[in-house]
Each structure stands twice: as structure tokens, then as C-alpha cells.
Amino acid sequence: MREPVPTPQWLSALRSHVGAPAAAPRTAPDPVNVPMIRRWCEAMGETSALYRDESGAQHPNRQGVIAPPAMLEVWTMGRYRADGKRERGNLRGIDELDAAGFTAVVATNLEQTYLRDLQPGDLLTEQVLLESVSDEKRTALGLGHFLDYSYRFTDQHDALVGTMRFRILKFRPAAQPAAHAAPAAAAPQRPPHPRPAITRDSAFFWDGLKERRLLLRKCARCAHLHHPPGPMCPRCHSMEWQTQVASGRGTIHSYVIVHQPQLPGFDYPLPVALIDLEEGVRLVANLAGISAAQARIGLPVEVQFAEVEPGYMLYAFGPRRSP
Ligand code: ZN
């Protein structure tokens with residue numbers, strides 16, 4: 001048993017703000033609108049007529065399109081500023097944890113609740129409260145504190161349309177590997193690679209990787225392939241499923257080059273891509289053997305497997321070798 005550690009003064013001071021706003025309320029720069037809905041659906045591969053059929057023919061009880069519920073937070077996100085500063089500063093707690101040495105951050109949980117459909121013209125306002133600050137915890141990433149925030153989204157009539165709980169971990173980063181460090185396999189002293197959250201729905205995918213196979217979930221009723229795997233076929237709602245081994249060939253649909261935040265276990269700048277597999281399924285992947293400068297939309301790619309740590313196999317996409 002550890003001796004109880006006295007609560008540091010900065011933590012007591014921060015906890016006096018629990019239940020209070022963590023930032024000023026923010027009204028969306030634009031109302032809910034069709035162009036943003038369309039672009040979001042294109043990026044996500046979302047094809048439901050609910051989000052694109054303006055005639056309302058698909059849903060006689062509604063007038064026109066609705067916004068995908070998962071876009072809830074999109075509308076009030078801060079604008080980009082030319083000077084790189086955040087529009088309204090950090091949420092309360094971020095600066096305090098930074099000052100105490102917990103400078104790295106990772107989002108760990110996000111739960112949203114939707115109270116009504118949003119339609120073009122709705123103007124959202126977001127209010128965020130600091131809900132809790134945990135004691136110091138030892139995690140796989142290092143020592144840190146969890147911060148919980150609760151969001152309320154209201155419309156132009158001040159009616160609540162959705163809520164969100166957001167949990168982040170602010171942690172003390174492990175020593176960073178040198179910028180010229182060799183790739184994962186050659187650097188045994190690097191911090192451990194964070195593990196994915198494996199569920200009963202996704203376990204087959206990770207088991208397949210151990211055998212150097214990229215497995216896709218295939219509906220046993222209508223043969224629809226989908227990823228990421230879930231409990232139900234999104235097309236016919238069947239719960240019966242099997243797997244199909246993907247060819248591993250695809251093209252880059254889109255990509256980002258991640259510079260910040262830098263998590264232990266990865267090399268930066270880190271290219272992350274959306275890959276369109278030739279089976280018609282899209283998945284998120286790291287790129288291997290393709291530099292940030294070489295990445296481009298439409299580039300033909302092929303899956304690679306790498307045992308990043310003993311017993312832990314990951315996939316990435318690299319230059320196409322097979323025809
Ligand atoms: Zn199906």
C-alpha cells in the first residue's frame with residue numbers, strides 16, 4: 001500500500017472549478033448546412049439517403065436532409081487561425097496540467113447523446129463544463145490525470161439538442177526517441193506502442209493480423225463487406241457474419257500528416273491515410289515506406305504487416321508491389 005499522497009495545491013485549485021464552465025460558450029460560425037453534410041459524408045463513406053436526399057422522399061415525416069448525428073460537435077468546432085493559436089484558448093485544466101509537467105495528451109472516451117435531428121438552418125451553441133479531475137493514475141502511457149468535460153449543445157431556440165462527455169488523459173511523456181531513430185523493430189528501448197481497444201466485434205481483425213491476413217467482416221446474409229466491424233450489417237441489419245481475406249491492394253483516398261500531439265511509440269511527422277481497398281471498403285492506416293512528401297491522393301498502395309513488438313502485429317500500407 002502506498003502512503004496517501006497529499007493533494008498538490010494546483011490540483012486543489014483546479015478542482016475548485018469542477019462544475020464551472022471550462023470555456024466561454026461558443027456559437028457555431030455557420031448554421032447546419034448541406035455542403036458540410038455532403039463533404040463529411042464523402043469523407044466518411046456515408047451513403048444514407050437521409051443525409052443527401054433533399055426532396056424528403058426517403059423520409060416522409062421530414063422536410064429535406066438531416067445532418068448525420070455524429071456531426072454534432074462539428075458545427076461548433078473552433079475556426080483555424082492564421083497564427084496557429086486556438087480561437088478561445090485551452091479548456092480549463094489543460095494549462096494547469098501542462099504547468100505541472102503533464103504535457104502530453106490523448107483522448108480516451110467520447111460519448112454523445114442526440115435529442116433531435118439537426119437540419120440545415122439550425123444554429124448550435126456549445127457550452128462545456130469541467131466535470132472532474134482524477135487523482136494521479138499510472139497508465140500504459142505514463143503517470144497522468146484524467147479530465148472529464150461535459151458538453152451541452154443548444155439550438156437557436158435555446159433548446160437542448162445533444163450532449164457529449166469527453167475524457168482526456170494528460171500525462172507525463174516518456175523520453176522521446178531521437179528524431180533520426182530507426183524504425184520500430186530496430187529500437188527496442190522505445191516506449192511501448194499503445195494497444196488498440198479490442199472488442200468482441202473486432203477481435204477477429206486483430207487475430208487475422210497475427211497470421212498476416214487482413215480480414216474484413218462480411219455479412220452472411222447479403223455479403224456486404226464493412227469496416228470497422230460492428231455487431232450488425234449496416235445494409236441489411238443481419239447479425240450473422242463471416243470473414244473475407246482482403247487482397248491488401250488499394251489506393252489512398254485521403255491522408256493527413258500528424259505533427260502534434262506526439263505520443264510515445266510513434267515517429268513524427270506521421271502520415272495517416274484513409275485507404276480505399278479494391279473490395280470497396282475504406283480503412284484508416286499508417287503509411288510505411290511512403291514519406292509525407294510522397295503521399296498523394298489516388299496513390300496505389302499495398303498492405304504490409306510488421307510485428308512492432310513480440311506478439312503484436314500491425315498493418316500499414318506501402319508502395320504497391322504486385323500488379
Ligand atoms: Zn447484410
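**Pocket, zinc site and salt bridges**

Author: In the second largest pocket, the largest share of the lining comes from E12, which gives five residues. Please bear in mind throughout that the model is predicted.

Reader: What volume does the second largest pocket have?

Author: The volume of the second largest pocket is about 1400 Å³.

Reader: And how many residues line the second largest pocket, and which lie nearest its centre?

Author: The lining consists of 44 residues, and those nearest the centre of the second largest pocket are His227, Pro228, Arg282, Leu283 and Val284. Helix H2 (34-44), helix H4 (203-210), E8, strand E11 (270-277), strand E12 (282-287) and strand E14 (312-319) are the elements that give two or more residues to this lining.

Reader: How do the residues of that lining divide into nonpolar, polar and charged?

Author: For the second largest pocket, the lining divides into 28 nonpolar, ten polar and six charged residues.

Reader: You named Arg282 beside the pocket centre. With which residue does Arg282 form a salt bridge?

Author: The partner of Arg282 is Asp276, and the closest N and O atoms of this salt bridge are 2.7 Å apart. Arg282 is partly exposed, at a relative accessible area of 22%, and Asp276 is also partly exposed, at 24%.

Reader: How many salt bridges does a search of the whole structure find?

Author: Twelve salt bridges are found in the whole structure. Two of them involve Arg116: one joins its side chain to Asp122 at 2.9 Å, N to O, and another joins Arg116 to Asp155, with 2.9 Å from N to O.

Reader: Where do Arg116 and Asp155 lie in the chain?

Author: Arg116 belongs to the loop between strand E2 (104-114) and strand E3 (125-133), while Asp155 belongs to the loop between strand E5 (142-154) and strand E6 (160-171). The pair therefore ties together parts that are 39 residues apart in sequence.

Reader: Are Arg116, Asp122 and Asp155 buried or exposed?

Author: Asp122 is buried, with a relative accessible area of 8%, and Asp155 is buried at 5%. Arg116 is partly exposed, at 32%.

Reader: Let us turn to the metal. Which residues coordinate the zinc ion?

Author: The zinc ion is coordinated by the SG atoms of Cys219, Cys222, Cys233 and Cys236, at 2.3 to 2.4 Å. Along the chain, these donors follow the spacing C-x2-C-x10-C-x2-C. Within this set, Cys222 and Cys236 link distant parts of the chain, 14 residues apart. Cys222 sits in the loop between strand E7 (215-219) and strand E8 (225-226), and Cys236 in the loop between E8 and strand E9 (241-245).

Reader: Why is the arrangement around the zinc ion tetrahedral?

Author: The arrangement is tetrahedral because the four donor atoms subtend angles of 100 to 114° around the zinc ion. The ideal angle for four tetrahedral donors is 109.5 degrees.

Reader: And what are the relative accessible areas of Cys222 and Cys236?

Author: Cys222 has a relative accessible area of 23% and is partly exposed. Cys236 is partly exposed too, with 21%.

Reader: One last topic: where is the place of His259?

Author: His259 is in the loop between strand E10 (249-258) and E11. At 47% relative accessibility, His259 counts as partly exposed. Its C-alpha atom is separated by 5.0 Å from that of Pro269, a residue ten positions apart along the chain.

Notes:
Residues numbered from 1 in each chain as written. Predicted model: local features only at pLDDT ≥ 70, side-chain atom pairs only at ≥ 80, totals over all residues. Heavy atoms only, no water. Donors = N, O, S within 2.8 Å, 3.2 Å for Na, K, Ca; no water. Tetrahedral: all angles 85-135°; square planar, octahedral: opposite > 155°, others 65-115°. Helix = DSSP H or I, 4+ residues; strand = E, 2+ residues; numbered from the N terminus. Buried < 20%, exposed > 50% of the residue type's maximum accessible area, 1.4 Å probe, protein only. Salt bridge = Lys/Arg side-chain N within 4 Å of Asp/Glu carboxyl O. 1 Å grid on protein atoms, 1.4 Å probe; cavity = no way out; pocket = protein on both sides within 12 Å on 5 of 7 lines; lining within 4 Å. Points joined across faces, edges and corners; volume = space filled by probe spheres on them. Nonpolar A, V, L, I, M, F, W, Y, C, P; charged D, E, K, R; others polar.
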